[in-house]
Structures are given as C-alpha cells and as structure tokens.
Amino acid sequence: MPWPIRASATTRERPVSAWGLAWSRFRRHRLALLGGAVILVLALSSALAPWISPYDPARSNLRLRFSAPSLRPPEDPRALPRCSRERSFVGWPCGVHPFGTDDLGRDLLTRVLYGGRVSLLVGFAAALGSTLFGGLLGAAVAYAGGAVDALMTRFTDAMLSIPQFPLLLILSGLLASRELPWAVRLSEALGPAKSILLIIVVITALSWMPAFRLVRGEILSLKEREFALASKAVGASAARIVLRHLLPNALHVLIVQSTLMVGEAILIESGLSFLGLGIQPPAVSWGNMLSRAQEFLYYPNGIYLALFPGLFIFLTVLCFNFLGDGLRDALDPRLGRRA
Amino acid sequence: MPSLGPWFLRAFRGLAFLGLLGVWGWNSVFGGPALNNLVIGATQEPDQLNPWEGAADTKENILALLFIGLTYFDVHGNLLPGLATEVPTFANGRLRVFYDEQGRFLRQEVDWTLREDAYWSDGTPITTADVLFTFEVQNHPLIPVTFRTFSNKIQEIIVKDAKNFTIVYKEPNPFYANPSGRIGLARFYDIAPKHIWEPIFREAIREAEAQPEKAAEIITAKFLGADPATGRDPTKVVGSGPFKFAEWVKNQYLRVVRRPDFFLRPPGPMENYVQEVIVRFIIHEPTLLAALFAGELDATDDIALSGYDPTILAAQGGGMFRVEVIPSGFIEMLNFNHFGHPRYGEEGCALARDLLLHDVRTRQAIILAIDREALAAAVFPGAIVSNSFVVRGDVGYNPDLIQWPYDPERARALLAELGWKDTDGNGILDRITPDGRKVEFRLPHVTTPAPFRVRTQELLVEYLAEVGIKLEPTNLPAAVLFSTEFINRGSLCTWPGIIEYAAGGGIGEVPADEISGELWADDPTTPEPLDNVPRRANAFAGSNVRGWVHEEYDRLHFAALNEFDLAKRAEIIKKMQVIVNWELPFIPLYERVEIMMSKVGLANYLAGAAITRTPFWNAWMWGWVERGAVRVY
Amino acid sequence: MLAFLMRRLLLAIPTLFLISVVVYALLALKPGDPIDELRFGNPGFTHADYERLIKLYGLDKPWYIRYWYWLSRAVRGDFGPSRRYGMPAAEFVFRQRMPNTLLLSGLSLLVAFAVAVPAGVWCALRRHSFVDYAVTTLNFVGISVPVFWLGILLIYVFSVRLGWLPAGSLGTPGVAEQGLGAYVVDRLRHLVLPVLALSSIQMATWTRFMRSSMLEVIHDEYIRTARAKGLPERAVVLKHALRNAILPIITLVALAIPGVFSGAVLTETVFNWPGMGRAIYDAILANDFNVAMVALMFISLWIILCNILADVAYALADPRIRYD
C-alpha cells in the first residue's frame with residue numbers, strides 16, 4: 001500500500017492524503033457520524049454540567065424524594081429544591097426535575113450529567129492508557145525481537161489466559177488495601193478521586209494485551225517493507241524508526257481498537273460497580289447510580305433511577321460501537337465493510 | 001431465492017412456538033397452603049450447620065428450626081423452659097449464689113432438669129451425657145470455638161443422673177438462663193447430640209494431635225467439614241428442635257419437615273400446621289424482592305429486607321402480604337475516636353487530638369448539628385431516633401434523657417467556644433493548636449458500604465457543612481472494618497474521626513449487650529489500668545475501641561454485671577444511661593427496625609424477643625389459617 | 001501439524017505455571033485472610049485467638065512459601081480443602097458448581113449459535129431489506145447493553161409485572177417429587193431468562209460475523225458456478241455457501257468455550273444461579289484461596305486448550321494457512 005497515495009483524480013490531479021481519503025469514507029457511514037455526534041453532545045454536556053444544571057449534584061431535598069420526571073416544579077412550595085443558580089445558560093430552570101429525583105431528592109438529570117463525567121473519564125482514560133501502554137510495548141517488543149519478544153509474547157499469552165473478571169476483582173481488592181503502606185499513602189494523596197483512578201488502573205492493567213498483539217503483528221509485517229529497511233540503511237536510530245515510521249503506520253488499527261475499548265471500559269466499570277467494587281460514593285458514575293438503583297426498583301417512580309443511568313450507558317456504548325465500526329471501515333479498507 | 005423464505009420462516013416460527021410453550025407451560029403452585037408448607041426467603045446462607053462455631057444470624061435461624069435450648073424467650077421477653085422442666089430462679093431454689101463474710105462472690109450454682117419427653121430427632125433420649133460432651137467440645141483447645149466468654153466462667157458441671165445436672169460458675173453470671181450461648185454450654189443452642197458428634201470429634205482430635213503441624217487443616221476437614229448437614233446422609237443430621245432436617249441444596253434452599261414427637265405443641269392437631277419449611281437462599285436482594293412479589297415466597301426472614309421502606313413494600317405486596325415493622329434491638333451510632341485525650345499522650349491519635357474529639361463540647365456540637373429525625377426517616381424508614389444505648393421497651397430503658405434536638409445555632413456556639421473559626425472564609429472551621437499549627441475541621445467518617453449507610457454519609461456531609469465541619473466519608477467492607485487490625489487500632493489513627501456501625505442494645509439481656517460492654521474501660525478489681533481499651537500496651541485487645549474512659553460508668557457497669565435482681569439492675573443501667581447521654585462517647589442515631597413480610601393467611605410468624613428479633617423462635621406454631629392453624633399471637 | 005500441536009501443548013505448561021504464580025501472589029497480597037470470617041460476628045474473639053489461628057493455618061509465612069506448599073500438593077492433584085464449605089476445594093468446584101454452569105452457559109452458547117447462523121444467513125441473503133436493518137440494529141443493541149441491567153429488566157418485566165417466568169434460581173424446591181415431566185418443565189422455565197440475558201452478546205457478535213462471512217462466500221466463483229449449473233437455490237445456499245461461511249464461526253465458538261466453564265458472575269448473581277462465576281467471586285471475597293485457585297487454574301487451562309483448538313480449526317478450514 002503506497003502511503004501517501006494518489007487518488008485517481010477527477011478534474012484536478014491533486015494528492016489526497018490517506019487521512020483525507022479515510023475521512024471521505026467515514027463521512028458516508030451515517031451511523032458512525034451519528035454516534036460521533038451523540039458522544040460529542042454527551043461529553044460536552046457532562047463536562048459543562050455545572051453550567052447546564054441549576055443544582056448541586058450532592059444537595060439532598062428530603063421533601064421531594066422519588067419524584068416523577070416532570071417539566072413542572074413541585075406543587076408544594078416547601079419541596080422546592082435549593083439551587084446553586086436560578087437559571088443555567090442552556091439548561092433548565094430551578095425547581096424543575098426533567099428526569100425526576102432520586103432516593104434523597106437529588107435531581108436525577110444532574111446526577112446523570114455528573115456521573116457522565118466520571119464514566120466517560122474512566123472510558124477514555126482506560127482506553128487511552130491500555131492502547132498507549134499496549135501499543136508502545138508491542139512496538140518496542142516487535143522492533144527488539146529475539147528473546148525479549150519471545151518472553152513478552154509468552155507473558156501476554158499468560159495474561160490473556162487468565163479469566164479477566166476474577167482478576168479484576170482481585171486487583172481492585174488489592175489496590176483498595178489499607179494494609180499495604182503504599183496503597184494507603186496513595187489513597188490519602190488522592191482523596192475522593194481514589195476509586196476513579198483505581199478503576200482506570202485496573203481496567204488498563206487487564207486490557208492492554210489486544211493493543212500489544214495488534215501493534216506487534218502490524219509492525220512485524222511492516223518491518224520487512226522497503227521503507228523501514230531504507231530508513232535503517234540511511235542509519236536512523238531504532239527508537240526513531242519505531243516512533244517516526246512504524247508506529248504511525250500501525251495507528252489506524254490502534255484508533256479502531258481504542259474507540260471500541262472506550263465502550264468496553266464503561267461496561268466493565270458498571271459491572272464492577274454492580275458488585276460493589278467500582279466507583280465509590282460520594283463520587284457519582286453511571287455504574288454506581290445503576291447499582292444503587294436496584295434497591296428502589298419497586299418504589300413508586302423508583303424504576304427511573306435504574307432506567308436513566310442504564311440508558312445512558314447503553315447509548316454511550318452503542319455510539320462508541322457505531323463510531324468504531326465506521327472508523328474501521330474508513331481506516332482499514334482491506335477489511336471490507338463488515339456491518 | 002424465493003424458496004428459502006418459507007424454510008427459514010418455518011424454523012423461526014418453530015423457535016417462537018417453543019419459546020411460548022416455555023413461557024406459558026406449567027405454572028403450578030409449589031408452596032403455601034395448598035401443600036401446607038412454608039417457603040421463607042433469606043439473603044444469607046450459613047456455610048455449615050456445625051452448632052459450635054460460625055457467623056451468627058442466619059445460622060441461628062436455621063438452627064432454631066433444628067434445635068431448641070434449655071430455655072427460650074417468648075414474644076414478650078419472658079423466659080420459658082425449652083429442654084428444661086423449669087427455668088431456675090432463687091424462688092424455686094434452683095439458683096444459689098454464695099458470698100464470703102465480706103460479701104465477696106464465691107460461687108454460683110444452677111440446677112437444671114431435662115424433660116423426660118425430650119428426644120433427639122432420631123429417637124435417642126436427650127441426657128446429661130450430651131451436656132457433658134457439648135461442654136467438652138466447647139472448651140477443647142484444638143476446636144476453633146471463638147465465643148468462650150460465658151463458658152470460661154464455668155468451674156464445673158456436676159451430673160446427678162441422666163436428667164439432672166448442676167452448673168457451677170466461678171464468676172457471677174446473672175444470665176445463666178439466657179439462650180444463645182450465655183448459659184455457657186455452646187454458642188448456638190445449648191446441647192448437641194453426643195452419639196452423632198462424639199466419633200467425629202474423637203477421630204479429628206486424635207489425628208490432629210498426631211500431626212500437630214497440620215492440626216488446623218485436619219480440624220477443618222474432619223470436624224467442621226464433617227458437619228453431617230453438609231454431608232450426604234440426611235439421617236445423620238440430628239437435632240432437638242421442632243423440625244427434622246430433610247435436604248440442603250447449597251446456594252438454593254434448605255428443607256426441613258415437622259417432627260410429630262416434638263414436646264412443645266401448637267393448639268389443636270399438629271396436622272393443621274405447616275408440615276414442611278423451605279428456606280430459599282437468594283443472595284441478591286432485588287432478586288429476592290422480585291421472587292417475593294412474583295408470589296414465589298411466603299415470607300422473608302429478619303435480615304433480608306432491612307432498610308427497605310415498609311409502606312412501599314406493603315403497597316407493592318398488593319394486599320397479599322402483611323408487613324411487620326419491629327424495633328430490632330440494634331442502635332446505629334457514630335462512634336468517636338477518643339484517643340486524642342491527654343491521658344494517652346503520644347500513644348494516642350494526633351488527628352483526633354487536633355479535632356478536640358475528646359472534648360465533650362465537640363461531640364455535643366456534632367449531635368446538635370444533625371437533624372436525626374429527618375435523617376432516620378430518609379435512610380432507614382420506620383426507625384426511631386435514639387438517645388441511649390438501651391432500646392425502648394427494655395426493662396433498663398431510661399425515658400428521662402436529654403433529647404438533643406436539631407439546633408445548628410447552639411452547635412455553632414459550642415464550636416466557637418472551643419476556638420473554631422472560619423478565618424480563611426472557605427466554609428471550613430479552623431483553629432490554631434497550642435503548638436502553633438493551623439488545623440481545619442475535616443472529620444473522617446468510615447463505615448461499611450451498606451446502602452443505608454452510604455445515604456447517611458451523604459446527608460451527614462450536608463448537615464455538618466452547615467456548621468462548618470467538612471465530613472470526609474469513606475467505605476470499607478465489613479470484613480476489613482471490623483477486623484482487629486482496623487477497628488481496634490483507633491489509637492494508631494486507623495479511623496481518626498468517626499466510625500459508624502450498629503450494636504445490640506438490650507431487650508431482656510441488659511447489661512450484657514454489646515454497647516454497654518464496649519463502653520467500660522477498666523476493671524477496678526484488676527491491677528492493670530484500662531484493661532478493656534485496645535492500645536499498644538495491651539496488644540490492642542479489648543472491646544472499648546473508642547477509648548472513652550469514665551470511672552463512675554465503670555463502677556456502675558460492674559455493679560450491674562454482678563446484680564442478680566432484675567429491677568435493681570435496671571436502676572443501675574438507667575444511671576449509666578444518664579452519664580452516656582451527657583458525655584456522648586458515641587452519637588446514637590436511631591434504633592433500627594426489622595422488616596418482615598409474610599402472606600396474610602400465615603399464623604404465628606412474627607418477631608421474637610431475643611436480641612436478633614428472629615421470627616424463628618416458635619417454628620412449631622407456624623401454620624396456615626385456611627388449613628386450620630390457630631392464631632396464638 | 002502434529003509438531004505444531006506438540007509445541008503448543010508443551011508451551012502451555014510454563015504458561016500455566018506463570019499464571020499460577022501470578023494469581024496466587026495476587027490473592028495472597030490482597031487484604032484480608034481466612035480468619036476474617038471466623039472473627040466477624042464473634043464478639044468474644046480476642047487478639048490472642050487471632051494470633052493462634054493465624055499460626056494454626058500457617059498464614060504467618062510469606063506467600064511464596066505458601067505457594068510452594070500449594071504447588072507441591074497441586075501437582076499431585078490435591079488442591080486442599082475449602083475452608084468455607086468444609087470439603088475438598090476440587091469437589092466443591094467440579095461437583096457442586098460446574099454442572100450448573102455447564103447447563104446455563106452451554107445452553108446459552110447453543111442458543112446463540114442456533115439463532116446467529118440462520119439470522120446471519122437470512123440477513124446476507126436479504127441484504128438491505130427491513131429484516132436486515134432490524135437485525136443489524138438489534139446486534140448493536142446486544143453488544144451495548146450491560147448484561148446485568150438486561151437481567152434486572154427481564155426479571156422486572158417477565159417475573160414481577162407479567163408473572164410469566166420465575167425470578168431466578170435453579171428450580172422450585174421439591175418439584176422433583178411431582179414427577180419427571182413437572183421437573184423438566186420447571187427447570188426449563190427457570191432457564192429461559194438467564195439464557196436470554198447471557199446469550200445476547202454472543203448472539204449479536206456471531207450474527208454480525210455470520211452475515212459478513214456469508215456475504216463474502218456468496219460472491220465467490222464456485223457459488224456462481226453452482227448457480228450457473230442450475231442447482232436449486234436451496235442446495236446452493238445450504239450445501240456450498242453455508243458450509244464455507246460457517247467455518248470462521250467455528251473458530252469463534254471454540255474461543256467462547258472457556259466462558260462456558262468460567263461462568264458469568266453478573267448474570268449468575270442477578271438470577272441466583274450457583275455457578276462458577278459466583279463461586280470464584282465468593283471465594284475471592286471470603287478469602288477461600290483453595291477454591292479460587294483450583295477454579296481459576298482449570299479455566300486458564302481451558303482457555304489455552306481452546307486457543308490451540310481455534311488455531312487448529314482455522315488451519316483445517318483454510319488450507320492456505322500452515323503452521324510449522
């Protein structure tokens with residue numbers, strides 16, 4: 001595959017970069033565009049939650065527990081919530097609970113937005129972390145070859161052969177330890193953000209292997225190609241060859257891999273939260289909102305507590321799958337259209 | 001490709017049809033009055049049914065179906081004879097306490113007589129040989145029995161004949177007749193069948209003694225593991241109670257059948273009462289609720305629905321269920337770290353000292369800053385605010401205590417009096433310590449991740465923020481929180497601020513309940529100071545984990561422990577509550593409630609009086625009204 | 001081929017050893033020990049009791065010494081007792097939990113396969129039809145739903161609101177006494193919802209895969225030749241296309257087999273199904289190390305074997321691939 005390639009042109013003979021070609025393929029993938037747009041909206045509204053919502057996500061209102069989704073403020077004036085601002089700049093007015101309220105009378109939409117911050121952060125960070133770690137390691141190992149390559153490949157095989165979920169459990173238990181001095185010091189330094197970082201580390205530690213394998217495989221095949229040999233011939237250093245030439249060529253695989261990984265990480269976080277090992281309160285995530293909601297399934301309006309965070313997880317993961325699919329088609333035409 | 005359509009359509013239709021068949025197939029009834037049995041839902045399952053050891057509540061419930069002790073509590077908290085012919089008292093001459101000329105305790109003797117008609121479920125009579133054997137196992141050094149508080153008080157057991165024996169105590173035990181282990185024979189239900197357990201016990205001990213380096217494993221495998229209930233031969237599971245073991249499908253259910261030869265009888269013919277009890281174990285609470293509302297369960301035990309809103313459960317039950325809400329005997333409380341007190345010096349916890357938690361005004365300010373009424377209603381529906389360490393309705397309960405109403409103004413005033421001021425305007429109080437450091441009032445709060453406790457933390461953060469205290473909540477699994485490495489090391493600042501948990505607060509058992517036992521610091525009769533306060537000096541042993549010390553309280557505590565007259569004991573306990581009510585070594589939040597659901601036609605299924613409030617205390621009376629069972633309660 | 005097989009099988013031994021070290025070390029370094037459970041809920045438990053029991057169970061020794069003890073017995077097939085259940089750990093795992101898991105996960109796999117293959121073929125043959133779009137959308141839904149959330153909703157709708165199916169557990173207690181027919185129907189009714197929840201992901205992935213695999217095959221030369229020869233359409237699709245399209249799926253199935261043994265802790269928890277996933281989870285939480293070790297090692301072994309199996313299947317399916 002020539003890189004960059006020339007598009008067999010129409011009127012003007014203009015070189016089109018591989019990325020430009022990929023983008024034009026991507027644009028035709030309507031579901032992927034939709035997915036990307038929804039993710040953008042979700043990420044922005046989560047990030048801007050304090051400016052969108054008129055409420056403090058932690059502020060309880062015991063007079064208005066389990067209220068139904070409604071666009072009207074409560075009838076009882078004593079049940080009016082306290083707001084941090086009267087009207088937010090794109091949000092909804094104080095006193096209105098579009099998704100209803102939770103077991104302590106907190107605004108559910110506000111908590112979903114704040115939960116999105118944590119869930120998306122976990123998703124992006126874990127995806128980025130595992131792809132970077134796995135990818136760089138894979139590139140280094142593939143380039144080094146020999147005993148290092150053999151050993152690391154064996155270790156990766158072992159890691160892939162241990163069932164993942166139990167290992168996640170053990171690892172999150174290990175890192176939450178209060179008996180290991182370094183774990184205690186770490187948790188004191190981090191404060192409430194501790195459980196968030198913990199989940200990111202745990203998911204990363206157990207999901208770098210696919211990126212490692214992909215990049216290693218890709219680079220092993222590219223390594224034999226002419227331009228790598230050419231770079232070597234002109235005396236480029238090993239690190240330079242890997243970073244400047246080989247890795248960019250493996251990039252498209254990694255992009256697809258990490259896009260799909262974001263959704264995967266969000267699902268793993270919700271699963272761990274379901275078992276009580278995920279993000280710990282007072283931090284809010286979609287996973288721990290969902291796990292807490294189970295208790296109230298049979299309360300009047302309690303089903304909304306499970307419905308909304310669940311729908312947001314579902315929607316987000318769905319969009320990342322659409323996006324990943326579109327990216328695969330766009331970046332890797334050899335695979336053909338799968339969907 | 002038109003020919004393909006019908007082929008695949010047929011396959012799909014077939015699948016859909018099979019699915020529908022599965023959905024609407026047989027929907028027969030397998031429980032309730034139709035079969036005269038009772039299906040109870042539980043969220044916890046015992047590991048095994050070995051009557052000597054294991055974690056408490058859920059095992060106690062199952063064992064209550066299979067065993068009965070020498071005595072039992074009725075629903076009003078009266079002691080009634082079980083395996084014994086009568087409950088020993090001074091009046092009937094079966095209880096004797098001896099003192100020397102100076103009034104010092106010498107010994108206590110209690111005479112028991114076993115019922116003539118008491119038989120094991122395999123027909124073997126229950127005799128004093130069983131009593132002696134049970135006591136031998138309970139005290140054997142190789143058997144990992146951990147609850148020896150009361151058996152250690154026994155000096156000897158004198159056997160007169162097959163049915164009569166006398167327990168001699170070397171320390172006073174006013175709870176000599178109290179079920180659940182306080183008699184001192186075994187932790188769960190006083191007497192175990194010798195003819196079943198002796199061969200197992202002797203064999204395990206012989207092997208363990210032969211290989212001392214593997215003793216623990218051998219005892220685990222051969223003694224705990226040889227528990228007949230977990231074995232495959234149900235005839236080997238032998239008990240003294242109203243039901244007989246039938247089968248146990250692990251992680252699913254345990255089934256027991258009625259014993260026609262049991263000596264306690266419900267009114268009318270026994271056939272009118274439940275013939276079979278099935279306890280279904282459904283670990284995940286929402287699934288248990290689903291099974292309940294789907295009509296698969298007839299009742300729930302005393303643990304499963306803890307913390308749920310009873311009015312909502314009743315509404316969801318749609319008139320099919322009766323919802324019982326009863327005070328649980330447990331008080332949920334915020335315990336302070338008192339190791340900042342100058343008495344501990346450098347051995348204490350510096351952070352607690354900075355926060356002045358050892359000063360009574362700090363603790364009073366915090367209780368005044370919390371709207372406990374609103375909190376209890378939101379986090380534990382049905383719970384009642386408490387100001388004591390004894391629950392309402394107990395003989396020792398003192399109603400004339402300070403109520404500590406919600407009063408943030410007074411709280412702020414008290415904190416200002418202690419030198420707390422928000423000098424930097426960040427909303428958190430600060431003060432300058434005597435050694436010139438500036439400290440902020442950041443108060444760590446740690447508890448288990450139980451949903452109602454997480455809700456409590458979230459509300460406490462808000463209440464305390466109003467008076468300028470920043471509460472910093474964390475959660476730890478129960479196994480970590482209650483481990484001696486954690487809870488007993490408050491002096492090392494493992495929990496430098498508040499630790500929240502619940503402890504038993506009475507109902508017929510004062511003052512040997514957990515809270516009063518946690519509060520005493522020093523036994524005046526021993527030379528060592530602060531015996532009960534876990535510190536480095538005593539290798540962190542003792543149950544006064546807070547480090548609160550009050551001489552007058554200790555004096556009263558020991559006076560109550562040695563007082564055999566219930567009325568006099570109650571008076572002493574009322575005085576103890578006055579001290580605790582002012583000093584607030586902990587903040588009592590609320591008395592928890594137990595919530596149990598049972599189908600409307602089920603008779604005599606209700607909470608008992610023992611501290612766990614288990615409904616399993618009178619299983620022989622359970623029955624369906626439509627099958628002719630008579631409601632006694 | 002044989003040499004390749006031998007080499008892979010030999011390489012599995014050091015891999016297994018590495019896994020056992022990693023897992024044992026992680027378990028041992030995790031906070032908490034088997035004494036916690038004894039201590040918890042026993043008000044009379046003193047520090048002296050704790051020290052005594054720690055010594056008694058050998059927990060005062062460092063983890064690598066304990067690992068050595070474990071390993072030297074494990075190679076002889078003795079995986080030690082389960083402290084919690086008072087029986088040999090292997091017996092607990094293989095006799096009590098494995099059959100339940102085989103039933104649930106095995107059935108889910110079968111159902112997923114049985115649905116995915118016809119659905120994928122159907123979509124490939126009727127590309128861009130309404131059904132194709134509907135199934136494709138459903139596939140995306142299937143891989144995007146948190147499985148426990150799906151389980152909870154299924155129970156909520158079908159057990160509580162509609163009352164059609166039981167809310168979890170293996171079966172109704174005592175139903176065996178009502179005769180074989182009632183027993184079988186009762187067990188099947190209890191299987192419907194968990195199988196539905198558990199098979200959703202695989203069903204979705206495999207349908208997608210089957211569809212694209214079928215699309216590739218159907219445009220191949222030999223299919224066109226077969227059609228040109230005038231063979232009936234049904235024979236073309238079933239005999240030629242399907243046979244070739246299904247091979248890649250077989251590889252996927254092989255890779256999914258270990259999941260049949262490891263169970264699914266989330267689904268099992270929601271449906272109160274006592275399987276391997278829950279057993280491992282409980283063992284880790286309760287520090288019942290022997291149970292966790294024997295279960296995890298067994299599953300790891302299966303993962304390795306199935307990986308080899310997948311490679312072999314792949315090679316057999318595609319004569320262009322050669323291992324040497």
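How many bridges join strand 6 and strand 7 (residues 164-169) of chain B, and in which sense do the two strands pair? The views below take up this pairing and other parts of the model.

The model is predicted: local features need pLDDT of at least 70, side-chain atom pairs count only at pLDDT 80 or more, and totals for chains, interfaces and linings use all residues. Residues are numbered from 1 along each chain as its sequence is written, while chains are lettered from A and ligands numbered from 1 in the order in which they are written.

View 1. Strand 6 and strand 7 of chain B pair in the antiparallel sense over five bridges; strands are DSSP runs of E with at least two residues, helices are runs of H or I with at least four, and both are numbered from the N terminus. Two strands count as paired if DSSP finds at least two bridges between them. One of these bridges links Val159(B) to Phe165(B) in strand 7.

**View 2. Domain 1 of chain B against domain 2.** The bounds, from an automatic or database domain assignment, are 5-64 + 232-327 + 596-627 for domain 1, 68-199 for domain 2 and 329-591 for domain 3. In all, 20 residues of domain 1 are in contact with 32 residues of domain 2, where contact means C-beta atoms, placed from the backbone, within 7 Å. Helix 2 (residues 57-66) gives the largest share of the domain 1 side, three residues. By class, that side has nine nonpolar, four polar and seven charged residues. Ala, Val, Leu, Ile, Met, Phe, Trp, Tyr, Cys and Pro count as nonpolar, Asp, Glu, Lys and Arg as charged, and the others, Gly among them, as polar.

**View 3. Chain B against chain A.** Here 22 residues of chain B are in contact with 19 residues of chain A. Elements giving two or more residues to the chain B side include helix 6 (285-293), helix 10 (372-379) and strand 17 (470-475). Helix 12 of chain B gives the most, with seven residues. The chain B side has 14 nonpolar, two polar and six charged residues.

**View 4. Asn36(B) and Trp404(B), two residues with positive phi.** Most residues other than glycine have a negative phi. Asn36(B), with phi near 50°, is in the loop between helix 1 (4-24) and strand 1 (37-42) of chain B. Trp404(B), with phi of about 45°, lies in the loop between strand 13 (384-385) and helix 11 (408-417) of chain B. Asn36(B) is buried, with 20 other C-beta atoms within 10 Å, whereas Trp404(B) is partly exposed, with 18. A residue is buried if 20 or more other C-beta atoms, placed from the backbone, lie within 10 Å of its own, exposed if 12 or fewer, and partly exposed in between.

Notes. Two residues are in contact if their C-beta atoms, placed from the backbone, lie within 7 Å.
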